[in-house]
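Colleague: I have a model open and want to understand how its chains meet. Could you take me through it?

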Amino acid sequence: MPQLAMVTGAAQGIGRAIVERLGADGFDILALDADEVQLSQSAHDWRTAGLTVRTAAVDCRDRAAVIKALDGIEAVNVLVNNAGVSGILDPIGQVDRAGCDRVMSINLLATIRVAQEAVRRMPDGGSIINIASRGYLGGAGAAHYVASKAAVVSLTRAMAIELRWRGVRVNAVAPGMVDTRMIDGFGDMLGALKRMEPTGAPANPTEIAAIVSVLAGQDASFVNGQILMADGGKSLGLPPL
Amino acid sequence: MTTSNPTIVVIGQGPVAEAIPSRFSAGARGVITLPHPDAGAIKALENGLDAAVIVAPPAPSPSLLLDIDDARLDAQLSHFTDLFEALGALLGRLNPKGAIVLVGDRGYLGAWGAADACAFSGAYVALMRCVTLEGFGAGHRANCIALDLAQDGAGVDPDEIADLAVHLASPAGQAINGEIILANRGRSLRVREAKDRRADFAKTAPSKGTSQ
């Protein structure tokens, strides 16, 4: 019987690539996304490709909606907490309370709530992968986003410590720049930022999905509580090629 | 405590926060204290600030992941956004070479039974890294002091922590920027764990265990 992988922020970008990779790995998929239209379009493509996918248009900040999406599901074997936003990228003093609250609510509180509801249904030996960001190390002009992703990193460590007694592994992937719609928010800076990448270009979402695939499976049974940087070496201070 | 023309602000409550102002006052500088991060009060200050020391609220009581409720999460988020707003206001009021010190905890490294507290600890530490980067051009500094989580039961000497905070906030600490200083008497070195492991090892191999 196929195992179930639950993926949030599944409709596009990294999340969509994860759905397709885990589906190809043999998982049945529960795909959650707040964008109902995009989710419907992606679901059509997934089913055409032969994947077994159940979808739910859910804002993961809403615990009741998450619980409803899980209705009838007995076991969540893998959870990928991918849903996230960058918010408006401005210095600290120029980001208002609502902007900070929104980014923290989506990137952190929703991650905790989804993890809680998935863990209630997770058999021993499950795997949780939180999608953080290389940005958690710090950056000017994005403090609320940086803080939210650093929180996800610390959450990952704490969950790994707590859940290891059940054999549930919790790891995080911290991508650098990835070629998704999120980086469109960089506007005019995008070209320059791409050139600053050590490889000269952003990663393809499928590269992040491949890492998630490994962490989800038993080949990574000895990997727990880790933050896997996937940034082309930028965190090492590597200059562009 | 409020003095005229304050150039230093101490934000927070509890023994550590209470121990800090007198140390600054010894240097005859004006200190204002705020019980909570209050962006409005900071913006209303007439003078620029030389330093700010913020004592973060203590971590909530231990809780298993599955027992953390939404009210508890929302309360911690509210504390965080208060601090976020206050830091924005502080950066706008800080004099050149001014310093901000946050007294937080080591939860960012992870801990059992404190997933939410650890997450917010990580958020606080990262926020201060961003403050360091955003204030660097103006000559500002920002550092963190990381105490043990309250639920660890470790005693904290408020005077020691206050001395450290004042050092980091003063010109004497100007070489230190963007750091997280663990102030927990070496517990992060896992001395207790090392002792336990050494004792276990000694039971099975006494000759080696007692000589290491």
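What follows is a short exchange on the interface and on chain B.

Modeller: Keep in mind that this is a predicted model.

Colleague: How much area is buried between chain A and chain B?

Modeller: Start with the residues: 40 of chain A are in contact with 39 of chain B. Carbon and sulfur atoms give 67% of the buried area. The total is about 3200 Å².

Colleague: Which residues in chain A lose the most area to chain B?

Modeller: Three residues stand out here. Together they make up 23% of what that side buries. They are Ile92(A), Arg97(A) and Glu162(A).

Colleague: What residue of chain B forms a salt bridge with Arg97(A)?

Modeller: Five salt bridges are counted between chain A and chain B. In the one with Arg97(A), the closest N and O atoms are 2.8 Å apart. A salt bridge needs such atoms within 4 Å, so this pair qualifies. The partner is Asp82(B).

Colleague: Which element gives the most to the side of chain A that touches chain B?

Modeller: Between the two chains, 15 residue pairs are in polar contact. On the chain A side, α4 (97-119) and α5 (143-163) each supply at least two residues. With 14 residues, the top contributor is α5(A).

Colleague: How many nonpolar residues does that side of chain A have?

Modeller: Sort the side by class. Eight residues are polar and eight are charged. The nonpolar count is 24.

Colleague: What share of the residues in chain B is buried?

Modeller: Chain B has seven helices and six strands. Its length is 212 residues. Buried means under 20% relative accessible area. By that cut-off, the buried share is 48%.

Terms used: Residues numbered from 1 in each chain as written. Chains lettered and ligands numbered in written order. Predicted model: local features only at pLDDT ≥ 70, side-chain atom pairs only at ≥ 80, totals over all residues. Heavy atoms only, no water. Contact = heavy atoms within 4.5 Å. Buried area = accessible area lost by both parts, 1.4 Å probe. Salt bridge = Lys/Arg side-chain N within 4 Å of Asp/Glu carboxyl O. Polar contact = N/O pair within 3.5 Å; in protein donor to acceptor, adjacent residues only side chain to side chain. Helix = DSSP H or I, 4+ residues; strand = E, 2+ residues; numbered from the N terminus. Nonpolar A, V, L, I, M, F, W, Y, C, P; charged D, E, K, R; others polar. Buried < 20%, exposed > 50% of the residue type's maximum accessible area, 1.4 Å probe, protein only.
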